[in-house]
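Here is a note for a colleague who has not seen this structure before. Please read the points with the model open beside them.

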Amino acid sequence: MAIKDFTTGNIVRDYSVDQLKDAAKLMRGYDLAVLCAAGSGHAGGTLSIMDITAALYLKVADHDPKNASWPDRDRIIWSTGHKAPSLYLGLAFAGFCPVEDVALLRKLWTPYQGHPHWLKLPGVEVSTGSLGQGLSIAVGIALAGKLAGKNYRTFCIMGDGEQQEGQIWEAAMEASHHKLDNLVGIVDCNHLQIDGKVSDVMNVDPLDEKYRSFGWEVLRIDGHDMQQVVGALEKAKAGCGKPVVIMAETVKGKGVSFMEDLAGWHGRSPNLEELKKALAELDITDRVPYQKLLDIAKFYQVEVDRRLDAKMPKFSRNYWWNSTENMRVKMEPTRKGFGQSLANNGDDERVVCLGLDISGSITISDFYASKPERKRRWISMGIAEQSATSAAAGLAKEGLLPVLGT
Ligand SMILES: Cc1ncc(C[n+]2csc(CCOP(=O)(O)OP(=O)(O)O)c2C)c(N)n1
């Protein structure tokens, strides 16, 4: 089991547990460097999943970097598409693409978009990012494997906050009904989501019992203990007559003390100073060519700007907002109007706001930000948009004015 040449069946490279540990550490460094170069992205969850990524891409999954669409390859689905940089580094370290190219993360026209795009980068199985859908896609891929009599395995990486999505449980039901012993779910149990602790936003525990009651085999491990990670992935891959889910206990932001276990690092990227501090902590300052990665991103962006500028219509005067004195406007993101309006009009006792774990970004939390007494009318629903929308219908039916957004 490992990176293979499918034409000969030979193993191209096999990693020992110590080599995997080292690769995961290095991948964390590259992750932070490319996030820094992009100026945005998700540090917390990409760090928590990195040991599993290294084990899967460098050891457990059968795949061939020279033939990404080899029909018998194992499939890896990233239901948590926001962890795309980990996926790209898994592929890069396995030899699917040059590691330094990942510095083009989130740049226009590159294969390394903020969320995975399967048509842009060989090795990316499906485009993801809308939470809750990956396990259903994985069920379909596993069913297709059964229909074709193929022996490949399908791995699906999910988040613990993501378990709030009802669709996951529909997929879990389907997987056991169809005895998909070729399907392996992996839950990155880092106990945090965007709005805070999973247990506060919308408790999903006891997850093990839930999956067991849905007919799955459950393996719970320390997701940062490489021996345990490899052992569980190999055991799950061997199959046991039913779908297997690995509950990996992890730490969000793992490896960097000032990022660990902090919800604020969910959707943040480090600045240069933070990057240097993180690399020093990981003890890999000399092994990650961060300046080169930053330069690759910077020079690429210069070219993007030049090409965009060439496409812009040119006029005798510059009419762009705020470019001249007579075009002065106050610029505010439109989403801020949403929160502002709720802050201004939220005293109406009928107004009830439903939180869907993205409250700060869409500013719905401005509803109670300066009026804590309104918290009584703030209801956290988790990442469960479909049910929350129907719950809003129920609230409205009883004469309330529900507001929700995602
Ligand atoms: C359907 C959907 N709703 C909301 C989001 C916005 N979103 C992106 S990541 C995230 C939190 C995910 O938490 P978790 O699954 O625990 O992932 P992790 O903490 O490991 O990053 C949310 C709400 C989304 N991408 N898709």
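1. P206 sits in the loop between α7 (198–202) and α8 (207–213); helices here are DSSP runs of H or I with at least four residues, strands are runs of E with at least two, and both are numbered from the N terminus. The peptide bond from D205 to P206 is cis, with omega near 0 degrees. Most peptide bonds are trans, and most residues other than glycine have a negative phi.

2. On the source: this is a predicted model, in which local features need pLDDT of at least 70 and side-chain atom pairs count only at pLDDT 80 or more, while totals for chains, interfaces and linings use all residues. Residues are numbered from 1 along each chain as its sequence is written.

3. R106 lies in the loop between α4 (84–94) and α5 (134–148), and K179 in the loop between α6 (166–177) and β5. Are they buried or exposed? A residue is buried if 20 or more other C-beta atoms, placed from the backbone, lie within 10 Å of its own, exposed if 12 or fewer, and partly exposed in between. R106 has 20 such atoms, so it is buried; K179 has 13 and therefore counts as partly exposed.

4. The protein has 15 helices and 10 strands. Its C-alpha atoms fill a box of roughly 70 × 60 × 40 Å along the principal axes. Of the 406 residues, 46% count as buried.

5. Five strands form an open sheet in the order β3-β4-β5-β7-β6, with parallel pairing; two strands pair if DSSP finds at least two bridges between them. β3 (75–78) and β6 are at the edges with a single partner strand each, so one side of each has no neighbour in the sheet. From one strand to the next the twist averages 20 degrees, with axes fitted to C-alpha atoms and angles running from 0 to 180 degrees between N-to-C directions.

6. Which strands pair with β7? β6 (residues 217–222) is joined to β7 (residues 244–249) by six bridges, and I221 stands opposite A248. β5 (residues 183–189) also pairs with β7 over six bridges, in the parallel sense, and V184 has V244 as its bridge partner.

7. β6, helix α9 (residues 226–238) and β7 make a right-handed β-α-β unit. Right-handed means that, with the strands pointing away from the viewer, the path from the first strand over the helix to the second runs clockwise.

8. The largest nonpolar core has 91 residues, and those with the most contacts inside it include A33, I186 and I246. Such a core is a set of buried Ala, Val, Leu, Ile, Met, Phe, Trp, Tyr and Cys residues joined through C-beta atoms within 7 Å. Helix α1 (residues 17–38) gives the largest share, 12 residues. Another core, apart from this one, has 21 residues, among them I194 and A388.
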